[in-house]
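Hello,

Here is the structure I promised to pass on. Please open it first, then read my notes below.

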Amino acid sequence: MLIQQLVEADGVSGHEGAVRQVLIGAIEACADEYRVDALGNLIVVKRGRGGAGGVRSVMVSAHMDEVGLMVTYVERDGTIRFSPVGGIDPRVVLAKRVRIGDDRIPGVIGVKPIHLLEQAERERVLRFDQMGIDTGMSADEVARRVTPGTYVAFDTAFQVLDEGGLRTVKGKAFDDRAGCAILAEVLKDSYAFDLYAAFTVQEEVGLRGARVAAYAVNPDVAFVLEGTVCDDSPKDKDVSPTTRLGAGPALTIMDRTVVCDRRLVRLLVEEAEAEGIPFQIKQPAIGGTDAGAIHTQREGIPSAVMAVPCRYIHSPVSVMSLNDFDYAVRLMRGALHRLEGGLEA
Amino acid sequence: MKELIKALVETCGPSGSEEKVRELIAAEVRGLATSLEVDALGNLIAMVRGKGGGRRIMLAAHMDEIGLVVSHVDERGFLRFQPLGGVPTRTLVGGRVRFANGLRGAIGAEEKGLGQNDLPRFDQLFIDVGARSKEACPVRVGDVACFDRDFVDLGDRLIAKAFDDRIGCAILIQTLKELGETPNDVYMVFTVQEELGLRGAQTAAFGVEADLGIAVDVTRTGDTPEARTMAVGLGGGPAIKVKDRGMLTHRGVRQWMIDTAQVAGVPYQLEVLEAGTTDGMAMQTTKAGLPVGVLSVATRYVHTPSEMVDYQDVTNSVRLLVELLRRPPRL
């Protein structure tokens, strides 16, 4: 399964090469051409069959990078200090397994045993600069193999949790390897217009890759595929779960970075309703995606976002439903075909 | 001009849903502009072709206003919401909102966990549209609302919601009406999504490729009881911006605005704003950059449902803009 290969590759922001290699292998057979730009975005071109009404080119993007860590300093005893890359809650990394650098040196993030914790310490959240990675290797060995600037990824195996029902799977980085895997599926089909698949870099550190990809591609419209917040555990108050696992792909009306083009949102809703594909509206004003950088590029690019709900994102482990994933593939392909007739004025 | 102002401020156009404001402005300027177009993000661009010898000048005023977006409809039909733009929660409780379809509602606050004098957080507030259940509630997640307040004419002073920045829109429309012949190609851009981060101005400025820009927007004042110090007040004339948190205005444009005001006998004041910014920032940094100035209208109680402006400041702003546009700019 492509999604398994993708999440078991490491691609912390700025170091997406391994993920890009997996994707090139996956899309090579169905691409007309592809290139890697100056920042590392993988841009795949699928030429149109012709006959498109009004819309000449469409960019669909998904980001290759994931949140992770970077080595800042190696202590004399071999303990590795680090800082986060992208938005990570310091509470989720303690006592987790990591792999360091391209050699994937195994390590664990150390934690003080509860026996030694003072009451006040139990209530305090440790800062990243107070934590350390323990490789179990000698100080000399660490000093030889690990330098400041080395990337560190969470060491989480992909696993099927439930073969039936919601077909849940667990792994790291479904944000946004889910989007990457959907986009690879979308590329297998062909469309009336030119389709540009942009697998972008550095989304988690500020939508950087998408900004330059959108400038270069300059499409008529854009879609962004994401793995998004899902907070559907039971709560005391009747408040939004942001999205719900198993309720279908989530459509964005607006988030912190974009107000989605209403015509494109309507197109997605119409396609879902016509095909009986379940969908949900994501809680507005939460989070941000590459669409934030894409829609304000050049003279403005109408953009929309479709996402797969993923529990526990931006932590070492996340959970998603392959049902939602499969529906997302169907919905994106169908919406693109629906767009072949053009976009209403 | 008060009729135009009233119509503009009583129209609902939260960021991202500016279409009603756009329709109103398009109807006002249609006969006056050489061309009128709506771009990919929804900016309305009215262009007046000059008779030659001038420059390409972009003026920007934003159509959007701060508002609310529904984020959840609970089982009993209450609506949770998030802000669109910088909405201070202290003005919300007991206030009323209006949805695009005209539906109105009241804003309530949770009681548990909130003392009499506590400022509520957004997640402690809700909108009540009188629905008895989720099924009976006519509002859906993603629907947007604006504050529900009437325009009040106090004579010299006016009160309304959304003077930020419908007063700028009114000034641009009136300037177009009074302009007559100009040597300059004038692009009046009514922008979207300013309150969310100058998004419309960014793409419009990229497309217009102006030689020079002027943003028209509101600024706060220092003339109310125990106000933070600020040398801008109601009735002092159009404020010519020197700086705000997002930009330093171009010295040449600023001096041109000052000189023009002095020659024409238009009162003016200089503005140094410690917070906030305007579409001018996005215009200034587009492509290879362009010289940009900002004309601000002194406004009390900015981002509350009851903003106040001085009518003379408004008409003097129009006079200044007309004077600026009638000749080629001299920087």
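Helix 4 of chain B leads into B:E209, which has a positive phi, near 55 degrees. Keep in mind that this is a predicted model.

The helix itself, residues 199–208 of chain B, is mostly covered. Eight of its 10 residues are buried. They are B:R199, B:G200, B:A201, B:T203, B:A204, B:A205, B:F206 and B:V208.

What do the buried residues of helix 4 of chain B pack against? Elements from both chains. Chain A supplies helix 6 (208–217) and helix 8 (291–295). Chain B supplies strand 2 (44–48), strand 3 (56–62), strand 12 (185–191) and helix 6 (279–284).

Now the sheet. In chain B, eight strands make an open sheet with mixed pairing. The order is 1-2-12-3-13-16-14-15.

One pair to look at: strand 13 (residues 212–219) and strand 16 (residues 292–298) of chain B. They run in the parallel sense and share seven bridges. Within strand 16 of chain B, B:V297 is the bridge partner of B:V218.

Helix 2 (residues 19–29) of chain B packs on the sheet. It touches strand 1, strand 2 and strand 12 of chain B. The direction of helix 2 makes about 15 degrees with that of strand 2 of chain B.

Best wishes

Terms used: Residues numbered from 1 in each chain as written. Chains lettered and ligands numbered in written order. Predicted model: local features only at pLDDT ≥ 70, side-chain atom pairs only at ≥ 80, totals over all residues. Heavy atoms only, no water. Buried < 20%, exposed > 50% of the residue type's maximum accessible area, 1.4 Å probe, protein only. Helix = DSSP H or I, 4+ residues; strand = E, 2+ residues; numbered from the N terminus. Contact = heavy atoms within 4.5 Å. Pairing = 2+ DSSP bridges. Axes fitted to C-alpha atoms, helices over the stretch in contact; angles between N-to-C directions.
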